[in-house]
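Hi,

Here is the structure I promised to pass on. Have a look at it first, and then read on for what turned up.

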Amino acid sequence: MNDIPRFIRWQTPQGSVAIRSRCTTQEIRTLIFDKQFGTHAHYKSLYTRRDSLEKNAALPDADVTLALTDHNHIIGFGVLAYPEPGERWNRLGPRLMMEVKAIEVSRSWRSAGVARGIIQIMMSQPMIEDKIIYMVGYSWTWDLDGAGQSAQAYRRMLIRLFEPCGFQEYQTNEPNICLKPENIMLGRIGRNVTKEQRDSFKWLRFNLLNT
Amino acid sequence: MRYPKEVVLKEGREAVIRPLQKDDEASLRRFYAGIPEGDRWFMRHDVMDPGVIAKWMDEIDKDKVFSIIALSEERIVGHATLHMRKFGSTRHIGRFRLMVLPEFRYIRLGTWLLLDLIQLAMDKGLSEVRSDFVVGIEEAAIEAAHKFDFFEKAVLKDYVKDQQGNHHDLLIMIKRLHKRWGDY
């Protein structure tokens with residue numbers, strides 16, 4: 001993973017932030033994790049401790065992208081990594097599918113376009129074109145109170161967030177996604193993914209892939 | 001909502017879901033001609049009357065009925081509708097109707113159509129959806145509704161009659177559409 005700048009300045013109505021991709025475990029260790037990534041009524045952040053980000057950064061090909069204030073304060077993060085062993089999405093073949101495991105912005109920085117910046121820099125890596133990138137949205141993990149939105153509005157917001165980077169909604173019978181109609185699977189198929197792999201992805205989504 | 005939606009059914013059969021369009025009239029007629037007479041009997045309208053489907057086509061884009069179809073190899077194999085009222089005490093409730101060709105039943109096509117209608121109803125801001133089923137006739141649809149947390153609101157005992165004059169219960173099922181955490 002190289003060639004592409006790891007760092008951009010991102011302008012927001014609340015001021016400029018630095019967005020840094022492919023952060024290493026050592027880099028993350030020097031940063032301050034915003035206290036708002038914690039437990040709230042009806043909502044718990046995906047990662048409440050900095051060392052969770054550090055662990056992800058150490059995984060093969062993983063990309064931990066951070067949004068930072070000038071005081072090295074982490075106010076947003078995105079995590080791209082291979083699915084866990086045993087997950088359905090591993091069955092397509094080694095290192096073909098990667099999951100956007102988390103994308104989260106501290107409550108006080110929401111609606112400032114920070115998440116868009118994180119996704120854009122994450123999806124600008126060359127290896128993305130060799131992969132099927134996916135994200136699953138489960139409504140029970142969404143900060144509906146913090147966002148002041150209904151589940152359906154939050155779902156639409158996710159689509160608007162990911163679509164400009166080439167994601168689209170995919171149907172699947174994966175049981176967790178099917179549990180609630182507002183849950184969603186979004187995917188982005190890289191340019192170098194073969195037709196055979198695309199077809200296999202379709203069968204896999206409906207658990208009909210013969211491996 | 002993004003269409004067309006590609007779904008794979010049990011046994012690997014494929015279908016595409018998309019909204020009904022003005023130029024689907026002839027295909028929709030063929031679809032309903034393929035529905036057994038015994039099933040058509042329980043519909044609210046006589047779909048073999050040419051005026052009925054023509055009226056449905058007129059209602060496209062009028063914001064009162066949303067019609068989606070499932071296609072397999074260019075043929076309509078399922079049709080589902082969400083009916084909404086623009087006024088009055090039940091404007092918060094949508095009503096679903098769903099029909100699937102016999103050879104496409106029990107392979108989850110109805111489930112995918114139902115899921116799509118639920119998402120449509122949520123997008124429209126409805127708080128409940130209702131669907132009525134004839135007990136002993138529409139078992140596949142009742143099974144699909146249960147999967148999506150529809151619950152039995154009422155049973156009208158011996159309310160409808162089949163063509164042979166036998167009575168059947170009419171089951172009214174409701175699903176609440178959750179919006180916020182407090183609703184769960």
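Let's start where the two chains meet: between chain B and chain A there are three salt bridges, a salt bridge being a side-chain nitrogen of Lys or Arg within 4 Å of a carboxyl oxygen of Asp or Glu. One of them pairs Asp123(B) with Arg156(A), with the closest N and O atoms 2.4 Å apart. On the chain B side that touches chain A, β1 (5–8) and α4 (109–123) are the elements giving two or more residues (helices, H or I of at least four residues, and strands, E of at least two, are DSSP runs numbered from the N terminus). The largest share, six residues, comes from α4(B).

A word on the basis: this is a predicted model, where local features need pLDDT of at least 70, side-chain atom pairs count only at pLDDT 80 or more, and totals for chains, interfaces and linings use all residues. Residues are numbered from 1 along each chain as its sequence is written, chains are lettered from A and ligands numbered from 1 in the order written, and side-chain values use heavy atoms, without hydrogens and water.

In total, 21 residues of chain B are in contact (heavy atoms within 4.5 Å) with 27 residues of chain A.

As for chain B itself, it has five helices and eight strands, in the order β-β-α-α-α-β-β-β-α-β-α-β-β along the sequence. Its C-alpha atoms fill a box of roughly 45 × 45 × 35 Å along the principal axes. Of the contacts in chain B with a separation of 6 or more, 61% are between residues 24 or more positions apart.

Cheers
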